[in-house]
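Trainee: I would like to learn how to read features in a protein model. Can we go through some, one at a time?

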Amino acid sequence: MEFFEITGGSSLRGEVSLHGAKNSVLPILAAAVLVNGECILHNCPNLSDVSRTLDILNKLGCTVTAEENTVTVNSSNISSYCIDECEMREMRSSILFLGSLIGRLKNACVYLPGGCEIGTRPIDMHIKALKELGAEIEEKGSCLCCKARRITGKKIILPYASVGATENIMLCTAVSQGTTTIINPAREPEICDLASFLNKCGARIRGAGESEIVIEGVEGLHSCEHTIIPDRILASTYMSACAATAGDIIIADIVPSHLAPVFPYFNEMGCHIYLDKNLMRITAPKRLKRVKKINTLPYPGFPTDSQSPLAAALSVAKGTSVIKETVFENRFRYVGQLNRFGADIEVNDRIAVINGVKKLNAANVEATDLRGGAALVIAALAAEGVSTVDKINYIDRGYEAFENGLGRLGANIKRISNGKENEEEKSAKYYRACCSEQISAHT
Ligand code: UD1
C-alpha cells in the first residue's frame, strides 16, 4: 500500500509542465484498434489507466510497445473482439472499445464498465446510438454481445452532450458506409484531439468542438503519428494547489483556450493569471476570495473534473462559495475527508456550500476517487503540519507521479510504501486472480 506524506503550510513556487491528457489518450488508444497499421503516440502519460488500456490492446492481439512517453500500437494482426469482465470493470473508458471493435471487426463482446464511483454512469446513450447505426446488441447480465453486418451513417441526436457516447459514435462510424451527423455532441478539447488523430489516419471528420460533428465513413484507416494534447485538468489542479497555498507558479505547455472555462473563477478568487503563448503564471493572494456560484457543465462550461481540486482551495477562501455539480450525481464523496482538515463544507444533494475557514489543520485521510484524491492532496499542502493521504491508487489513475510535479513546485510530498495492501488493492487482486482462473478454465 502506498500513501502520500505531505508537510504543508508553505506556498508553492516554481515551474512545472503538463503531461498528456488522460481523457485524450484513452479514447485514442481505443481508436488505434481501427487502424490497419502502426500508430505512434507521443506525450502519452504514464498512468495506471493507460497501462490497463495497453493490457487490453495486447490481449486483443495488437502489438504494443512503450518507451518513455511514446506508445506504439500496431493493430494489423488484431485477433480478438472480447474483453474480460475484470478489465472492463477497472475503468469507465474501457467502454470505448465497444465502438472501435464494432468499427474494425463488426463484432464485440464486452462487459459493463467500472471506474470511479462518482455516479451511476449508465451507457444507455452509447447503446442506443450504436443500435441506430446498425449494431445488434444483446445484453446478457453485464455482458454485451454485439455484431453488425454493416454500419451505416445516420443522424444521431444526443439528448445530453456525453463525452463517451460522442467518442463511441465517432469510433464506430469512422470506418463505415455513408455519413453520420452527431447533433449535440460533446465539445471537449479531447473530442477534437480524437477527431484530429482519426483524420491523420485517413478518417473524414469535421465539426469536432462544434454543435454538430459530421463523419463521412471511409473504407479503412492507415498508420499515423500523433502527439496527445496537454492535460487541462492537471493544469487546473496545479492552479488550485497554487491558489490554496498563496503560491506563485508557472505552468508550461498549456493551451490557453482549453482553460478559458476555469480562468474567470480563479480571477474571482483574487488570483492573477498572466499568459504568454503556452506559458501561464498564476499568483494567488494571501487570502482567497469566495466564488459566488459555480455550476459544473459540459465544455465550454466549468469542468466537473476540476470541481474537487477547486473546492479544496475554496475551503480556505474568505466567505461562502457554492458549487452545483450537474454532471455526476455523486461527486462530493471526498467532502467528508476534506472536512477532516477542518474545512467547513455542507453537501445537500448536488450542491456543496463551502464556508471558508482561515486555515486547515493536518489530517490523515484517504482518497475516495481520482479528482477527490487530488483535492485532499491540495488540502494537505495548505494545512500546517504533516498529513497523510491514503489510497493513492485512485490518484495514480490520472496524475503521472503527482509527487514529482508538485515537488518541482517546492511541495514537501513523499510517496511511502508500507508493504501492506489496502482493501481496494486486495479486492482488485482477488478479482483479477478469479478472472484468470476463469479464463484458464475456458482455454
Ligand atoms: C468523461 C471523462 C470524465 C469526465 C466526463 C465529463 C474520460 C475517460 N472520462 O467521462 O473524466 O468527468 O467525461 O466531462 O474521458 N450519461 C448517461 N448515459 C450515457 C452516458 C452518460 O446518463 O449513456 C451521463 C453520465 O452518467 C453522467 C453524464 O452523462 O452523469 C456525463 O457523462 P459523460 O459525458 O458520458 O462522461 P464520461 O464519458 O463517462
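**Reading a predicted model**

Mentor: Start with alanine 246, which is partly exposed, with a relative accessible area of 21%. Keep in mind that the model is predicted.

Trainee: Where does alanine 246 lie?

Mentor: Alanine 246 sits in the loop between helix H8 (232–244) and strand E14 (248–252).

Trainee: Which residues is alanine 246 in contact with, leaving aside its neighbours within four places in sequence?

Mentor: They are Ser11, Arg13, Ala284, Pro285 and Lys286. For a distance across the model, take leucine 101: its C-alpha atom and that of alanine 246 are separated by 48 Å, and the two residues are 145 apart along the chain.

Trainee: Now a helix. How many residues does H2 have?

Mentor: H2 covers residues 48–59 and has 12 residues. From first C-alpha to last it reaches 17 Å, close to the expected 16 Å.

Trainee: Which residues of H2 are buried?

Mentor: Asp49, Val50, Thr53, Leu54, Ile56 and Leu57 are buried. They line one face of the helix, because seen down the axis of H2 they fall within an arc of 155°.

Trainee: Why do residues three or four places apart point the same way in an α-helix?

Mentor: An α-helix has 3.6 residues a turn, so residues at that spacing point the same way.

Trainee: What do the buried residues of H2 pack against?

Mentor: They pack against helices H1 (22–31), H3 (85–90) and H4 (96–105), and against strands E4 (63–67) and E5 (70–74). Just after H2 comes glycine 61, with a positive phi of about 105°.

Trainee: Which residues other than glycine have a positive phi?

Mentor: Asparagine 184 is one of them, with phi about 65°. It is in the loop between strand E10 (179–183) and helix H7 (189–200), and at 32% relative accessibility it counts as partly exposed. Alanine 401 is another, with phi near 35°. Its place is the loop between strand E22 (385–390) and helix H14 (402–408).

Trainee: What kind of peptide bond joins tyrosine 299 and proline 300?

Mentor: A cis peptide bond, with omega about 10°. Proline 300 is found in the loop between strand E17 (293–295) and helix H11 (307–314).

Trainee: Last, cavities. How much space lies in the largest cavity?

Mentor: About 40 Å³. Its lining includes Thr7, Leu12, Leu381 and Asn412. By class, that lining has three nonpolar, six polar and no charged residues.

Definitions and conventions. Residues are numbered from 1 along each chain as its sequence is written. This is a predicted model: local features need pLDDT of at least 70, side-chain atom pairs count only at pLDDT 80 or more; totals for chains, interfaces and linings use all residues. Side-chain values use heavy atoms; hydrogens and water are left out. Helices (H or I, at least four residues) and strands (E, at least two) are DSSP runs, numbered from the N terminus. The expected span of a helix is 1.5 Å times one less than its number of residues. Buried means under 20% relative accessible area, exposed over 50%, partly exposed in between (1.4 Å probe, protein chains only). The arc is that of the directions from the helix axis to the C-beta atoms. Contact means heavy atoms within 4.5 Å. On a 1 Å grid over the protein atoms alone, a cavity is a set of points where a 1.4 Å probe fits but cannot get out, and a pocket is an open set with protein on both sides within 12 Å along at least five of seven lines; lining residues have an atom within 4 Å of a point. Grid points are joined across faces, edges and corners, and a volume is the space filled by probe spheres set on the points. Ala, Val, Leu, Ile, Met, Phe, Trp, Tyr, Cys and Pro count as nonpolar, Asp, Glu, Lys and Arg as charged, and the others, Gly among them, as polar.
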